[in-house]
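Please consult the sequence and the model while reading.

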Amino acid sequence: AKIIEANSDSDTDVIYFRIPSADLPGTIDVASDMVISESLIIKGPGAGKLVLDGGKNNHRIFDIDDGGAGTLSSVSISGLTLTNGQVLTSDGGAIRSVETLSLANVLLQNNTASGNGGAVCVDTVGKFTMTGSQVLGNVATASADLFAMGAILYEMLAGAAAFEADSVHAVMENVLHGDVPT
């Protein structure tokens, strides 16, 4: 309900997930994709303290898309475990994003996608950063995941994207016909 409310205005909202007791871990069963269509900050109490569980019921946990071709919303997620997201006909088992996405102190575990990104799939338009997070036991069946992992590793090590340009078309042109980054 809070995400739907946050989607209804253009301000960047903050949603805090809390648990009843700081000493006990909690689990929230996610029954369908939580669609995020505006800039949003989601903060949890810690990856080991709160789990969002997709239940392997053929839906991802977060689907991030503002629907605008010329704009990028910014979504930040921290302090959560995202597990058992599953999509049988698409990309991104836990998260699919075509926006700017930042994950901090997030555990992505046991998510599945029939396409790219067992845990996370970020469209070529969006930007993705991940700090202090873990990715464990996720499965994607598309071979493009190897390319995506290479691009992420390159950016982590070099501190810059492997292929940068001013438009999606120019990025794709660089990927297909540009020089291999060194």
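Two strands are said to pair if DSSP finds at least two bridges between them. The structure discussed here is a predicted model.

Q: Over how many bridges do β5 and β8 pair, and which residue of β8 is the bridge partner of D53?
A: The pairing of β5 with β8 is parallel and comprises three bridges. Within β8, D53 has as its bridge partner T83.

Q: Which strand is joined to β5 by four bridges, and which residue stands opposite D53 there?
A: Strand β2 (residues 26-29) runs parallel to β5, and four bridges join them. The residue opposite D53 of β5 is D29.

Q: Are L50, V51, L52 and D53 of β5 buried or exposed?
A: On one side of β5 lie L50 and L52, and on the other lie V51 and D53. Both faces of the strand are covered, and these four residues are all buried.

Q: In what order do the four strands of the open sheet stand, and which are the edge strands?
A: The four strands are paired in the parallel sense, in the order β3-β6-β10-β14. The twist from one strand to the next averages 10 degrees. Strands that pair on one side only form the edges, and these are β3 and β14 (120-122).

Q: How many residues does the largest nonpolar core have?
A: F62, I77, L82 and I95 have the most contacts inside this core. Elements that each supply at least two of its residues include α1 (2-7), β4 (40-43) and β7 (74-78). F62 touches, among others, I3, I42, L52, I77, L82 and I95. In soluble globular proteins, nonpolar side chains tend to be buried together. The largest nonpolar core has 28 residues.

Q: Why is Q86 classed as buried?
A: Q86 lies in strand β9 (residues 86-87), and among the residues it touches are K56, H59, G93 and T112. Its side chain reaches the backbone nitrogen of N58 at 3.3 Å. Buried means under 20% relative accessible area. Q86 is therefore buried, because its relative accessible area is 16%.

Methods:
Residues are numbered from 1 along each chain as its sequence is written. This is a predicted model: local features need pLDDT of at least 70, side-chain atom pairs count only at pLDDT 80 or more; totals for chains, interfaces and linings use all residues. Side-chain values use heavy atoms; hydrogens and water are left out. A nonpolar core is a set of buried Ala, Val, Leu, Ile, Met, Phe, Trp, Tyr and Cys residues joined through side-chain atoms within 4.5 Å. Buried means under 20% relative accessible area, exposed over 50%, partly exposed in between (1.4 Å probe, protein chains only). Contact means heavy atoms within 4.5 Å. Axes are lines fitted to C-alpha atoms, for helices over the stretch in contact, and angles run from 0 to 180 degrees between N-to-C directions. A polar contact is a pair of N or O atoms within 3.5 Å; within protein, one must be able to donate a hydrogen and the other to accept it, and residues adjacent in sequence count only if both atoms are side-chain atoms. Lists of a residue's contacts leave out its neighbours within four places in sequence.
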